[in-house]
Amino acid sequence: MVNMRDLVFEAGAPTSIVGITANTGVQLFPNPATERINLSMQQIASAKHWVIYNSEGKPIMKGKVNAQAISVQELQYGSYHMVLLDARGMAIQAHRFVKL
């Protein structure tokens, strides 16, 4: 599992994650979300797991990338990061989303 301390954040852009593959064909929608978020993955077959982190960098949800819809009903309102991991647990992409 990736630790938020291992990710690099740009100064001035607190929700940006640097050093993770960009433009890999993964889309997370709708954003903002109310009940669920959907993953559309066309080019990234290496994503095996996902982890959702809260604004404090704590992992609060995790799962396998086997369903395209992930329920976020239990999350409180706020901003979150979803990190996609490969089979070795290495971060390959991250997305920011808002829960309403």
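These are my notebook entries on a predicted model of one protein.

**Entry 1: ground rules.** I number residues from 1 along each chain as its sequence is written. Since the model is predicted, local features need pLDDT of at least 70 and side-chain atom pairs count only at pLDDT 80 or more, while totals for chains, interfaces and linings use all residues; side-chain values use heavy atoms, with hydrogens and water left out.

**Entry 2: overall make-up.** I looked up the secondary structure and found 0 helices and 9 strands. Helices here are DSSP runs of H or I with at least four residues, strands are runs of E with at least two, and both are numbered from the N terminus. Along the sequence I read the pattern β-β-β-β-β-β-β-β-β.

I then looked up burial. Of the 100 residues, 38% count as buried. Buried means under 20% relative accessible area, exposed means over 50%, and partly exposed lies in between, with a 1.4 Å probe and protein chains only. The accessible surface comes to about 6200 Å², and 48% of that surface belongs to carbon and sulfur atoms. These areas come from the Shrake-Rupley method with a 1.4 Å probe; for residues, only the protein chains shown count as cover.

Residues 24 or more positions apart account for 53% of them.

**Entry 3: the core.** Which residues have the most contacts inside the largest nonpolar core? I found Ile37, Ile52, Met82, Leu84 and Phe97, in a core of 17 residues. A nonpolar core is a set of buried Ala, Val, Leu, Ile, Met, Phe, Trp, Tyr and Cys residues joined through side-chain atoms within 4.5 Å. At least two residues of this core come from each of strand 3 (26–29), strand 4 (36–41), strand 5 (49–53), strand 8 (78–85) and strand 9 (91–99). Strand 8 gives the most, with 3 residues. In soluble globular proteins, nonpolar side chains tend to be buried together.

I picked Leu84 and listed its contacts, leaving out residues up to four places away in sequence. Among them are Val26, Leu39, Trp50, Val65 and Ile92.

**Entry 4: salt bridges.** I counted 2 salt bridges in the structure. The term means a side-chain nitrogen of Lys or Arg within 4 Å of a carboxyl oxygen of Asp or Glu. One joins the side chains of Lys58 and Glu56, at 3.5 Å from N to O. Lys58 counts as partly exposed because its relative accessibility is 47%, and Glu56 counts as exposed at 59%.

Asp86 and Arg88 form a salt bridge too, with their closest N and O atoms 3.2 Å apart. Arg88 is exposed, at 68% relative accessible area.

**Entry 5: Asp86.** Is Asp86 buried or exposed? Asp86 is buried, because its relative accessible area is 10%. I placed Asp86 in the loop between strand 8 and strand 9. The side chain of Asp86 reaches the backbone nitrogen of Met90 at 2.9 Å. Asp86 also touches Ser46, Lys48, His49 and Ile92, not counting residues up to four places away in sequence.

**Entry 6: Arg96.** I found Arg96 in strand 9. Arg96 is partly exposed, at 36% relative accessible area. The side chain of Arg96 makes a polar contact with the side chain of Ser79 at 3.2 Å. A polar contact is a pair of N or O atoms within 3.5 Å; within protein, one must be able to donate a hydrogen and the other to accept it, and residues adjacent in sequence count only if both atoms are side-chain atoms. Arg96 and Ile52 are 44 residues apart along the chain, and their C-alpha atoms are separated by 9.4 Å.

Methods:
Contact = heavy atoms within 4.5 Å.
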